[in-house]
Amino acid sequence: MNETVRFVLCAVLLGLGALCALIGILGVFKFKFVMNRMHCAAIIDTIALALILSGLMVYGGTREYIPKLITILLIFWIGSPIASHLVGRMEVDTDENAQKHMQKEGGDEDGIDGHF
């Protein structure tokens with residue numbers, strides 16, 4: 001692949017990954033409820049990490065780096081949902097006001113008001 005094209009593709013992927021990470025980090029600090037923060041952290045784990053590692057794969061370009069980066073990505077994609085589930089379960093079990101936080105505003109008790 002032409003070096004200029006490879007450099008531009010790498011820069012675009014790394015820039016998009018950094019932008020997604022920044023949006024996720026801002027969301028983690030903006031929201032107060034744990035479940036909302038976990039959603040923002042999931043953006044960092046999935047989209048940002050995939051874009052950054054894809055940019056590094058394009059930059060490295062050798063057969064030595066790509067399997068290692070794919071392994072890192074798979075480890076994060078396997079471990080992140082498990083950790084998020086455990087944190088969410090702990091929050092629901094320990095917070096007395098969790099149901100109030102998770103209730104849809106303007107809806108009935110079940111959080112369902114006929115609108116999608």
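A salt bridge is a side-chain nitrogen of Lys or Arg within 4 Å of a carboxyl oxygen of Asp or Glu. By this rule the protein has one salt bridge, and it joins E3 to R6, whose closest N and O atoms are 3.9 Å apart. The model you are looking at is predicted, so local features need pLDDT of at least 70 and side-chain atom pairs count only at pLDDT 80 or more, while totals for chains, interfaces and linings use all residues. Residues are numbered from 1 along each chain as its sequence is written, and side-chain values use heavy atoms, with hydrogens and water left out.

Let us stay with that pair for a moment. E3 and R6 are three residues apart in helix 1, which means about one helical turn separates them. An α-helix has 3.6 residues a turn, so residues three or four places apart point the same way. E3 is exposed, with a relative accessible area of 51%, whereas R6 is partly exposed at 23%. Here buried means under 20% relative accessible area, exposed over 50%, and partly exposed in between (1.4 Å probe, protein chains only).

Now step back to the whole chain. The protein has four helices and zero strands; helices (H or I, at least four residues) and strands (E, at least two) are DSSP runs, numbered from the N terminus. Of its 116 residues, 22% count as buried.

What makes up the largest nonpolar core? Seven residues do: C10, L13, C20, A21, A48, L51 and V58. Such a core is a set of buried Ala, Val, Leu, Ile, Met, Phe, Trp, Tyr and Cys residues joined through side-chain atoms within 4.5 Å. The elements giving two or more residues to this core are helix 1 (3–30) and helix 2 (34–60), and helix 1 gives the most, with four. A second, separate core of six residues includes L49, A50, M57 and L69.

Leaving aside neighbours within four places in sequence, L51 is in contact (heavy atoms within 4.5 Å) with L13, L16, G17 and C20. Helix 2 also has a kink of about 35 degrees, centred on A48; the bend at a residue is the angle between axes fitted to the seven residues ending there and the seven starting there. Just after helix 2, G61 takes a positive phi of about 70 degrees.
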